[in-house]
Amino acid sequence: EQVYLNEKEIQKLSQLKLKSVQEKHVRDMFIIACYTALRISDIQKLSHAEIRNDNITLYQTKTKERVEIPILKEIAPLINHYQRIGFPSIQICKANAIIKELAKRCGICEIISHKEHRGGTVHIQSQPKWSMISFHTARRSCITNLYKRGYPVNYIMTLSGHRSVQAFQRYMRASN
């Protein structure tokens with residue numbers, strides 16, 4: 001079961017008091033991903049992206065497709081800040097561990113139940129939401145939150161680089 005962060009949880013994360021520069025860099029890049037649907041491989045290339053006229057334009061690492069993403073007001077200050085000082089280099093393994101820790105510290109502790117298939121049987125597991133969060137959660141969060149804001153599916157698919165509705169729907173975490 002994949003989780004997403006709603007906008008209140010993203011805001012809690014963005015306001016969390018941090019202990020190190022590394023936490024700040026990881027958190028800020030995660031927040032940017034929460035509003036751009038960029039994969040971590042593309043977040044790592046932001047220093048090479050074309051950023052102007054309130055848009056981020058880049059070729060996605062996975063699909064090699066060119067995407068143009070509007071810079072929403074929630075991340076404009078972060079984008080401006082890192083444009084001036086340079087976007088940080090983050091490593092996926094460390095970033096995922098840090099994001100889990102930050103989510104735990106800001107109280108994203110809802111218990112999530114999910115099915116786990118082992119040896120031909122299905123087991124129901126429950127764990128705190130923070131423990132299920134990874135950098136990819138930001139992409140899922142962006143897609144779901146834009147959909148909940150009322151953005152059209154074809155527009156969100158253009159931003160996220162999804163080519164098929166089936167692939168796109170796997171990211172959608174809005175209820176029926």
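**Figure 1. Buried residues of helix α2 in the predicted model.** In this predicted model, the buried residues of α2 are Glu23, Val26, Arg27, Asp28, Met29, Phe30, Ile31, Ile32, Ala33 and Cys34. Because 10 of the 14 residues of α2 are buried, the helix is largely enclosed by the rest of the structure. The elements against which these buried residues pack are α1 (7-14), α3 (40-43), α4 (76-85), α5 (92-105) and α6 (136-149). The length of α2 can also be checked: at 1.5 Å a residue, the 14 residues of the helix (residues 21-34) should span 20 Å, and the C-alpha atoms at its ends are 20 Å apart, which agrees.

**Figure 2. The packing of α2 with α4.** Two packed helices are described by the angle between their axes and the distance between the axes. For α2 and α4, the axes come within 10 Å and cross at roughly 130°. This angle makes α2 oblique to α4. The crossing in which α2 passes α4 is left-handed. On the side of α2, the contact is formed by Lys24, His25, Asp28, Met29, Ile31 and Ile32, which meet Leu78, Ile79 and Tyr82 in α4. Sorted by class, the residues of this contact are six nonpolar, one polar and two charged.

**Figure 3. The packing of α1 with α2.** The axes of α1 and α2 lie 10 Å apart, and the two helices pack at an angle of about 155°. An angle over 145 degrees counts as roughly antiparallel, and α1 is therefore roughly antiparallel to α2. The crossing of this pair is left-handed. The contact of α1 with α2 comprises five nonpolar residues, one polar residue and one charged residue.

**Figure 4. The packing of α2 with α6.** Helices α2 and α6 have axes 7 Å apart and pack at an angle of about 30°. Their crossing is right-handed. From α2, the residues Phe30, Ala33 and Cys34 take part in the contact, and from α6 the residues Thr137, Ala138, Arg139, Ser141 and Cys142. By class, five residues of this contact are nonpolar, two are polar and one is charged.

Figure 5. Ser141 lies in helix α6. Its relative accessibility is 0%, so Ser141 counts as buried. When neighbours within four places in sequence are left aside, Ser141 is in contact with Tyr4, Leu5, Ile10 and Cys34.

**Figure 6. Two loop residues with positive phi.** Ala37 is placed in the loop between α2 and α3. Its phi is near 65°, a positive value in a residue other than glycine. With a relative accessible area of 2%, Ala37 is buried. Asn53, in turn, is placed in the loop between β1 (50-52) and β2 (55-59). Although Asn53 is not a glycine, its phi is positive, at about 50°. Asn53 has 64% relative accessibility and so counts as exposed.

**Figure 7. Asn55 and its contacts.** Asn55 is found in strand β2. Its relative accessible area is 18%; buried means under 20%, so Asn55 is buried. With neighbours within four places in sequence left aside, the residues in contact with Asn55 are Glu50, Glu68, Ile69, Pro70 and Ile71. For one of these, Ile71, the C-alpha atom is separated from that of Asn55 by 5.3 Å, while the two residues are 16 residues apart along the chain.

**Figure 8. Gln83 of α4 and Ile51.** Gln83 is placed in helix α4. With a relative accessible area of 42%, Gln83 is partly exposed. Along the chain, Gln83 and Ile51 are 32 residues apart, and their C-alpha atoms are separated by 8.4 Å.

Notes. Residues numbered from 1 in each chain as written. Predicted model: local features only at pLDDT ≥ 70, side-chain atom pairs only at ≥ 80, totals over all residues. Heavy atoms only, no water. Helix = DSSP H or I, 4+ residues; strand = E, 2+ residues; numbered from the N terminus. Expected span 1.5 Å × (residues − 1). Buried < 20%, exposed > 50% of the residue type's maximum accessible area, 1.4 Å probe, protein only. Contact = heavy atoms within 4.5 Å. Axes fitted to C-alpha atoms, helices over the stretch in contact; angles between N-to-C directions. Parallel < 35°, antiparallel > 145°, perpendicular 65-115°, else oblique. Left-handed = near helix turned anticlockwise from the far one by under 90°. Nonpolar A, V, L, I, M, F, W, Y, C, P; charged D, E, K, R; others polar.
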